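Visitor: Could you take me on a close look at the place where the ligand sits? I am new to this, so please go through it step by step.

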Amino acid sequence: MNAVVFYSNTGQSEAVAKYLGEALGYTVVDIEGADSGGYEDLVLVFPVHAQNIPRPVRELLKKTRVKNLTAIATYGKMCYGNVLYEIQNEFHMNIVAGAYIPAKHAYIDGDGGLPDLSLLTPIIEKIKAPSEIELPKLYKNPLADLFPKTRSRLGVKLYKNSNCNGCGACAERCHFRAIDSGVTNGRCIRCLRCVKVCPNNALEFKARLPMRLYLSKKKVNETVIYV
Ligand SMILES: Cc1cc2nc3c(=O)[nH]c(=O)nc-3n(C[C@H](O)[C@H](O)[C@H](O)COP(=O)(O)O)c2cc1C
């Protein structure tokens with residue numbers, strides 16, 4: 001079986017997945033509905049979170065057999081760390097192509113969007129004629145693993161407004177069991193999935209000063225492609 005599977009909380013990775021799915025003629029599936037049985041060609045698209053592989057992506061990779069993996073990480077123009085190398089080395093995956101794609105940062109309004117995705121053409125060609133590649137080890141800030149959840153929670157305020165009618169959609173779709181009726185707990189990583197899935201626009205977020213200062217740093221706007 002071949003598929004493009006995406007993990008996406010604010011729509012950036014989903015848009016890349018849909019583009020690739022259409023170009024390849026593969027089914028596009030949300031990670032929630034991914035088949036843990038196995039894939040011949042799997043194209044996995046996900047965001048970089050605190051320079052790390054998001055937990056739902058780790059969980060899928062742990063339990064799924066894949067013959068040819070293409071791993072595409074979107075990132076918010078801050079730093080993409082070393083996630084593709086980590087996937088290849090921690091999960092011993094046969095990676096045939098990979099990319100880091102700059103995208104809108106989940107915490108920045110009006111941050112521009114994705115680049116012209118036609119630059120992914122070499123990836124599409126490589127998936128059609130797969131062979132294993134060796135990914136380089138890149139720099140990852142050693143502080144990236146220091147309390148990432150606490151840093152996000154302190155950096156971003158998430159709150160519900162009067163539109164909340166307690167429908168439970170946020171709790172149902174949260175990958176971390178981190179929210180109930182619009183109120184988050186200590187498991188929340190501020191991925192903003194709940195903000196996107198709330199049918200009543202009842203969840204809002206605000207970056208606090210330390211996060212705003214961090215986000216005002218000079219941006220990286222490079223697409224890196226490995227084939
Ligand atoms: C919890 C969290 C951590 C993030 N960490 C990083 C990061 O370390 N570097 C970066 O450049 N962008 C970071 N971002 C931005 C996302 O990688 C970026 O917005 C991504 O494209 C969102 O993808 P999605 O819309 O598919 O969820 C982070 C976003 C969130 C919500």
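Guide: Let's start at Gly76, where a polar backbone atom lies 2.9 Å from a nitrogen atom of the ligand. Keep in mind that this is a predicted model. At Lys104, a backbone N or O atom is 2.8 Å from an oxygen atom of the ligand. At Ser8, the side chain takes part instead: one of its N or O atoms is 2.6 Å from an oxygen atom of the ligand.

Now let's look at the neighbours. In total, 25 residues surround the ligand, and Ser8, Asn9, Thr10, Ser13 and Lys104 are the closest.

Next, the open space in the protein. The largest pocket holds about 1,200 Å³ of space. Its lining is made up of 48 residues, and those closest to the pocket's centre are Val48, His49, Ala50, Gln51 and Ser152. Which classes of residue make up this lining? There are 23 nonpolar, 15 polar and 10 charged residues. Helix 5 gives the largest share of the lining, 6 residues. Several elements supply at least two residues each, among them helix 1 (12–24), helix 2 (55–63) and strand 4 (66–75). Domain 1 (2–141 + 219–226) and domain 2 (145–215) each contribute at least three residues to the lining of this pocket.

Finally, you can find the second largest pocket, with a volume of about 160 Å³. Its lining includes Ile31, Glu32, Arg55, Lys63 and His175. By class, the lining of this second largest pocket has 4 nonpolar, 1 polar and 4 charged residues.

How values were computed:
Residues are numbered from 1 along each chain as its sequence is written. This is a predicted model: local features need pLDDT of at least 70, side-chain atom pairs count only at pLDDT 80 or more; totals for chains, interfaces and linings use all residues. Side-chain values use heavy atoms; hydrogens and water are left out. On a 1 Å grid over the protein atoms alone, a cavity is a set of points where a 1.4 Å probe fits but cannot get out, and a pocket is an open set with protein on both sides within 12 Å along at least five of seven lines; lining residues have an atom within 4 Å of a point. Grid points are joined across faces, edges and corners, and a volume is the space filled by probe spheres set on the points. Helices (H or I, at least four residues) and strands (E, at least two) are DSSP runs, numbered from the N terminus. Ala, Val, Leu, Ile, Met, Phe, Trp, Tyr, Cys and Pro count as nonpolar, Asp, Glu, Lys and Arg as charged, and the others, Gly among them, as polar. Domain bounds come from an automatic or database domain assignment. A residue is near a molecule or strand if one of its heavy atoms lies within 4 Å of it. A polar contact is a pair of N or O atoms within 3.5 Å; within protein, one must be able to donate a hydrogen and the other to accept it, and residues adjacent in sequence count only if both atoms are side-chain atoms.
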